[in-house]
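The following note is intended for a colleague who is new to this structure. Its points are numbered and may be read beside the model.

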Amino acid sequence: MFKIEELRVRVNGKDVLNDINISIDKGEVLILFGPNGSGKTSLLKTILGFSGYSIERGKILFEGKVLNQLPTEERVKLGIGIMFQHPPKIRGVRLEQIAEFLARDGEEIEKLADKLSLKDHLNREINLDFSGGEMKRSELFQVLLQKPKLLLLDEPESGVDIENISIMGEVLNQYLKETNASALIITHTGYILDYVDANKAYVLIDGKIWCQGNPREIFESIRKDGYEKCKECEWKKV
Amino acid sequence: MEKGLTNFGKEDLEKISSAGIDISEKTRSASFLQEDGEVILTKSLLKGVEILNREEALNRYPEVRKYYGKAFKTLDRDFPKDTEKGYFIRVKKGTVVQLPVQACLFLKKKRFEQKVHNIIIVEEGAKAYLITGCASSKSAEESFHLGVSEFFVHKGGYLNFTMIHSWRKDISVKPVSIALVEEGATFVSNYICLHAVKEVSMYPTAVLLGKNARASFNSLILSHFGSFQDIGSRVVFREGYTSAEMISRAVSVGGRIIARGHLKSEAKNVKAHLECRGLIISQEGTIHAIPELETDYRDVELSHEAAIGKISREEIEYLCARGFPREQAQAIIIRGFMDVEILALPEVLKNEIKQLEEKTLRSGF
């Protein structure tokens, strides 16, 4: 349902992604590992068509449709949703306003806000004075209200305490199970693997995909030997 | 039949409503309306609130005469004497008015020069909300409005004054106002200008005369192409243990804005903060923020912060990633920037002004 073919992306005149090939089936969860600055977030922003991420080569396909030229909101309408790693603070714009735009009704907002302990945040300006964990919960809250078919999650658990990781993980897993949605998840800590059934993982280094395999196996290997070993891991090389 | 707010044509009524006036008068405790040079309506539903043509009030009440020009004398300033009419509002001692008092100054004739002098007295321990809507008809081409206002908030009193401008692009406006705020009293001034205007020049001043007096100036300004708005607010602290706050949000979609603010402490133990934020949407727009802090004393706490910038691309793209089209995302950010919550308003007025703002921003620039 989602495919990236031979993608090359430039930012400020510099190649940040090269020769990227990814495919995600319906209901499949793909984990993306990679060191800081390897291009993971750039990949998510390119998928959504953010300005400054220029596709020099290749295609991004969603349900058979080429996304390359579509504005962000059109891609979102097709069913792609993102959970940002560092969402901006927007003065005067309240979480509730966005929720009301995304949700069918107030009940839906209420229920999900309750599950994610965000009821008191609804009337607050988005991300202003939110703690790291609150920001992540608010991001998950918004993306789930969007009801996407493909979720792009950029480090959903970073900065979140254990208790809230478990709440978020369960809510996310429930959504994926109930809707059979797909997901592309960036993780550093690997905690999210305890909550979602991830089928495969890719390792992105220097803007290229170096290897793919079982998420748990790859995560354990990175934890043990770091990313340098990944580069040497010839047998799994894509 | 008495002429009143309902005697206007549809277009004029819409314009008057856009300046925050409740045509039905149902949510107001008293109403005043002046069209060009003629006072059309003075009506109070409450015993403790008097609302009159200012000239009539000066003739009727000898004790009111001493108020005329008093605020200007306090600051040793001259004021325009060629004014006519305007409103007189007096909230009697201890009266607490929940529903706002409304006053509308309307321009109808072409090239008319409306010059009014208003006097507002809030007596000891009284509390009131006043909303003044200044608007113009389609026919009022190249007209001029001068509004001199003197506010007197006596001991322990509270006045929340909201002024909404809804002019047209060829009208020049000059409000000149001073508020004298006594011990334990509070003066809140909210100014909202979302429509085009040729020129507005104003620098309203509050003078805090007694301990625990407080002033707050808040403004939301949207400046359209061809408009020039030189808008400031000043607080003079004549007594210690007084405080003030100024918050302004200015958005230029093509117009020129000068956003001034001046905190002048003439006493010790004064606390005040000034915050000015500007957003420039169009290449043609300019904003010049001039915050000033002044004192001869050490024991004061005066601070300011000013910031001017464009809409952040990151914020727009964030909202686009939630499915908002680009233009709508920009409008949401502007509306958020011009947050009605910064105005110290009762819920009823807050909701009304939110709706006015929504309507204006939705109709585009």
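1. Helix 1 (residues 40–47) of chain A lies across strand 1 (2–11), strand 2 and strand 4 of chain A, and runs at about 70 degrees to strand 2 of chain A. Helices (H or I, at least four residues) and strands (E, at least two) are DSSP runs, numbered from the N terminus. Axes are lines fitted to C-alpha atoms, for helices over the stretch in contact, and angles run from 0 to 180 degrees between N-to-C directions; contact requires C-beta atoms, placed from the backbone, within 7 Å.

2. The model is predicted: local features need pLDDT of at least 70, side-chain atom pairs count only at pLDDT 80 or more, and totals for chains, interfaces and linings use all residues. Residues are numbered from 1 along each chain as its sequence is written, while chains are lettered from A and ligands numbered from 1 in the order in which they are written.

3. Chain A has an open four-stranded sheet with order 2-1-4-5 and antiparallel pairing. Strand 2 (14–24) and strand 5 (65–66) of chain A are at the edges, each with a single partner strand, so one side of each lacks a neighbour in the sheet. Pairing requires at least two DSSP bridges between strands. Strand 4 (residues 54–62) and strand 5 of chain A pair in the antiparallel sense over two bridges, and A:F62 stands opposite A:K65 in strand 5 of chain A.

4. Chain B comprises seven helices and 21 strands. Its C-alpha atoms fill a box of roughly 65 × 60 × 35 Å, taken along the principal axes.

Definitions and conventions. Two residues are in contact if their C-beta atoms, placed from the backbone, lie within 7 Å.
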